[in-house]
Structures are given as C-alpha cells and as structure tokens.
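Biologist: I have a model open and would like to go through it piece by piece. Can you keep the answers plain?

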Amino acid sequence: EAEPDAFLVLRGLIERLPSGLYSSNPECLAHCRMNLQEQVMGAVAEELPQLAAHLLDLDLDTNLFLPRWLSCLFVTTLPAPAVLRLWDFLLAAEPCPSSKDAGTVLLRLTMALLARAAEALL
C-alpha cells in the first residue's frame, strides 16, 4: 500500500527539479549541474558576500559538495528529519513548467543551508 504513495512523492519531487539533473545524457547532466552551481555561487556572492570571498580565498571547488547536495536532494548531507522538512518545502512548491525555473527551489534550499552554516564556515 505504501508503494503508490512513495511513487507519488518521487514523481512530485522529480516534477519540481530541473529535467537535466537526472538525464542519462552526460553532457546534459554536466550542463545542468554547471548551471545550478553557477546560480548558487552567484547567489552566494550577492547574498553572502563574506562567505563568497572566503570560498574564493580557499579556492574551493564547489564540485566537491554541490552536485551531491543537489542530485541527492540533500539525503547524503543532512539528518533524515531535516531532509523530510526540505522535501516538504520542495513538494509544496509549484511544479516547474520550464527548466529555466526548475532550479529556483533547489537554489533557495541551498542558500538557506549555506546561510545557516556561514558563521561556522567562516
């Protein structure tokens, strides 16, 4: 009985993500990830300039953490209760009609995590 519910949740999550994030085409996947990383780092530079400067000083490659955060929807990063709250937020968002808008919820979630951890990261 739980299987249909689990499928509906999975479908809901997928509908709210950029289509390229789970592409079987490696070029499409790489392009999508690069786009999301550029959006995140642009938002960090604008909203958290001190953290952005610190990450640049460290010459930190965001490929070390952002792809895993985004493609796994934070499952490998956060405790289960936090992941479920994030997924609730994601599921409450409107499905994204275009791939242009699809990363906005992930961007907001990522920015919230970075903002919350900014003091510890600095």
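Biologist: Where does Thr62 lie?

Modeller: Thr62 is in the loop between H3 and H4. Helices here are DSSP runs of H or I with at least four residues, strands are runs of E with at least two, and both are numbered from the N terminus. This is a predicted model, in which local features need pLDDT of at least 70 and side-chain atom pairs count only at pLDDT 80 or more, while totals for chains, interfaces and linings use all residues. Residues are numbered from 1 along each chain as its sequence is written, and side-chain values use heavy atoms, with hydrogens and water left out.

Biologist: Is Thr62 buried or exposed?

Modeller: Thr62 is buried, because its relative accessible area is 12%. Buried means under 20% relative accessible area, exposed means over 50%, and partly exposed is in between, using a 1.4 Å probe and protein chains only.

Biologist: What does Thr62 touch?

Modeller: Not counting residues up to four places away in sequence, Thr62 touches Gln37, Met41 and Pro67. Contact means heavy atoms within 4.5 Å.

Biologist: And how far is Thr62 from Leu86?

Modeller: Their C-alpha atoms are separated by 21 Å, and Thr62 and Leu86 are 24 residues apart along the chain.

Biologist: Back to Gln37, then. Which helix is Gln37 in?

Modeller: Gln37 is in helix H2. Gln37 is buried, with a relative accessible area of 10%. Leaving out residues up to four places away in sequence, Gln37 touches Thr62, Asn63, Leu66 and Pro67.

Biologist: At what angle do H2 and H7 pack?

Modeller: H2 (residues 26–47) and H7 (residues 104–121) pack at about 45 degrees, with their axes 10 Å apart. That makes H2 oblique to H7. Axes are lines fitted to C-alpha atoms, for helices over the stretch in contact, and angles run from 0 to 180 degrees between N-to-C directions. Angles under 35 degrees count as roughly parallel, over 145 as roughly antiparallel, 65 to 115 as roughly perpendicular, and the rest as oblique.

Biologist: Which residues make the contact of H2 with H7?

Modeller: From H2 there are Leu36, Gln39, Val40, Ala43, Val44 and Glu47, and from H7 there are Leu106, Leu107, Thr110, Met111 and Leu114. They divide into eight nonpolar, two polar and one charged. Ala, Val, Leu, Ile, Met, Phe, Trp, Tyr, Cys and Pro count as nonpolar, Asp, Glu, Lys and Arg as charged, and the others, Gly among them, as polar.

Biologist: New topic. How many residues are in the largest nonpolar core?

Modeller: The largest nonpolar core has 28 residues, and those with the most contacts inside it are Val44, Leu51, Trp69, Phe74, Leu106 and Leu114. H2, H3 (49–58), H4 (66–71), H5 (80–92) and H7 each supply at least two residues of this core. The largest share, seven residues, comes from H7. A nonpolar core is a set of buried Ala, Val, Leu, Ile, Met, Phe, Trp, Tyr and Cys residues joined through side-chain atoms within 4.5 Å.

Biologist: What is Leu106 in contact with?

Modeller: Leaving aside neighbours within four places in sequence, Leu106 is in contact with Leu17, Pro18, Leu21, Leu36, Leu70, Leu73 and Phe74.

Biologist: Where is Leu73, and what is its phi?

Modeller: Leu73 lies in the loop between H4 and H5. Leu73 has a positive phi of about 50 degrees although it is not a glycine. Leu73 is also buried, at 7% relative accessible area.

Biologist: What about the phi of Phe74?

Modeller: Phe74 is not a glycine either, and its phi is positive, about 70 degrees. Phe74 is in the loop between H4 and H5 and is buried, with a relative accessible area of 1%.

Biologist: Which residues does Arg68 touch?

Modeller: Arg68 touches Leu73 and Thr76, not counting residues up to four places away in sequence. Arg68 is in helix H4 and counts as partly exposed, because its relative accessibility is 45%.

Biologist: Last one: at what angle do H1 and H5 cross?

Modeller: The axes of H1 (residues 2–15) and H5 cross at roughly 70 degrees and come within 9 Å. H1 and H5 are therefore roughly perpendicular to each other. The contact is made by Val9, Gly12 and Leu13 of H1 and Trp87, Leu90 and Leu91 of H5.
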